[in-house]
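Biologist: Could you walk me through this model, starting with the overall fold and then moving on to the core and the interface?

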Amino acid sequence: MSAANTVNPPVVFTQDELGWVSWIDPLPEAELTERHFAGLVDRSRAKSEYFRLLVRDPEVLEARTKTDKDIFYNVADGLPRAERELAAAATSRYNGCIYCASVHARFASTYSKRRDDVQRLLDEGVGVDLGERWNAVVKASVALAATPIAFGPDNIEELRRAGLDDAEIVDVINGASFFNWANRLMLSLGEPSK
Amino acid sequence: MSTKDIIDTLAGIEPGSALDAIRAKRIQARDNAQKSYLSLFDPIDAGDFSLVERAAVAAFVIGLHGESLVAAFYREKLAATADGAALLEAIKAEIARGKTSGPYGAYPAGPLSAEDKAGLIYRVSADRKPVLGARLAAALEHAHLLVFRPRDAAATDMKALLTAGWSETGIVTFSQLVAFLSFQVRVVTGLRVLGASLGRTANAAAGA
């Protein structure tokens with residue numbers, strides 16, 4: 001918590017690059033063992049305060065990281081990466097994770113080339129009109145994020161009408177659901193800083 | 001064709017079904033969602049977060065999402081864990097007290113304040129604190145925040161857990177457990193809804 005007085009928290013959703021400051025102590029880089037590096041998956045993540053915090057439980061971090069990577073980066077088939085990132089950004093916008101939304105809005109912009117539409121999602125919120133296909137993805141993500149979960153047959157119908165097949169719908173379900181995991185870690189263990 | 005994992009079991013996905021084949025295309029995600037579950041509920045080291053605490057928090061978190069097969073599964077898991085059965089009635093009563101609709105909460109003061117949404121600030125009932133103990137009472141209060149109003153989380157919430165006897169490593173695993181369950185119950189719900197729609201399509205085709 002030593003860095004608390006140097007944090008400059010963003011007060012709007014943004015596609016700018018943000019930092020993230022932990023509220024409890026990450027493990028010092030010098031204390032990481034091979035068990036920890038296995039948990040980090042990529043050794044370069046030892047530089048990240050967030051991952052050095054999560055690596056306090058290396059087995060859970062390793063499994064979480066590999067789940068994440070396959071849901072988002074395995075684009076051999078299924079939903080285009082842009083729309084997986086849209087599901088992540090919409091979930092983060094609805095749950096209120098400014099940090100997660102910034103990262104995945106940038107990815108959604110990069111892969112879709114629709115930066116202005118992504119910005120409208122951040123500025124106006126999840127009710128914004130982004131066209132049939134993106135609306136269906138955003139609406140399904142929001143319905144999944146609600147507690148109690150509001151996702152139902154209507155969401156499946158909308159996704160199908162927008163042209164998604166069953167495997168692509170599973171990618172929406174996985175991507176949106178995963179951000180209900182990620183948002184809760186980033187929001188509760190530290191805070192973003194400009 | 002895959003051996004059923006916990007998500008298959010909870011979502012009603014059978015080996016050889018259409019959804020089993022789709023899940024097999026994301027085999028690393030499938031395997032590691034299962035490893036996440038096992039690492040959280042059958043850990044190498046439960047020193048910072050005991051097995052009964054894990055089962056109690058899980059039953060509470062999933063119970064807050066409403067009644068379902070998943071809720072029944074985690075209640076049974078608590079009942080089957082050593083020292084868990086004694087907590088079951090207290091957890092059920094706290095679920096009933098904590099039920100609400102989310103997400104809600106406040107943003108950092110600024111333009112987003114217009115989207116601030118008030119809601120229940122849940123606290124464990126004084127009557128049940130002796131049964132639950134200080135650590136678990138603090139954990140349930142923080143778990144409720146994570147489920148319904150994660151954007152309200154603040155550094156002071158970490159201090160409350162540390163004061164109640166949680167270690168920093170325990171807080172990380174506890175946060176992972178609540179966050180993972182938030183993922184798992186949504187994947188299960190989503191796949192179950194999709195599976196039901198496939199059933200209807202198949203039946204319609206068979207009837208045509």
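Biologist: How many helices and strands does chain A have?

Modeller: Chain A has nine helices and two strands, where helices (H or I, at least four residues) and strands (E, at least two) are DSSP runs numbered from the N terminus. This is a predicted model, in which local features need pLDDT of at least 70, side-chain atom pairs count only at pLDDT 80 or more, and totals for chains, interfaces and linings use all residues. Residues are numbered from 1 along each chain as its sequence is written, while chains are lettered from A and ligands numbered from 1 in the order in which they are written.

Biologist: And what pattern does chain A follow along the sequence?

Modeller: Read along the sequence, the pattern is β-α-α-α-α-α-α-α-α-α-β.

Biologist: What share of chain A counts as buried?

Modeller: Of its 194 residues, 51% count as buried, meaning that 20 or more other C-beta atoms lie within 10 Å of a residue's own, whereas 12 or fewer makes a residue exposed and anything in between partly exposed, with C-beta atoms placed from the backbone.

Biologist: Switching to the core, which residues have the most contacts inside the largest one?

Modeller: Those are B:V57, B:F60, B:V61 and B:V178, in a nonpolar core of 115 residues; such a core is a set of buried Ala, Val, Leu, Ile, Met, Phe, Trp, Tyr and Cys residues joined through C-beta atoms within 7 Å. The largest share of this core, 15 residues, comes from helix 9 (residues 168–207) of chain B.

Biologist: What does B:V178 touch?

Modeller: Leaving out residues up to four places away in sequence, B:V178 touches A:R184 as well as B:V57, B:V61, B:A143, B:L146 and B:V147, a contact being two residues whose C-beta atoms, placed from the backbone, lie within 7 Å.

Biologist: Which residues of helix 5 of chain B are buried?

Modeller: The buried ones are B:V70, B:Y74, B:R75 and B:L78. Seen down the helix axis, the buried residues of helix 5 of chain B fall within an arc of 135° (taken from the directions from the axis to the C-beta atoms), so they line one face of the helix. On the other side of this helix, B:L69 and B:A80 are exposed.

Biologist: Last one: how many residues does each chain bring to the contact?

Modeller: The contact takes 56 residues from chain B and 51 residues from chain A. On the side of chain B that touches chain A, the largest share, 21 residues, comes from helix 9 of chain B.
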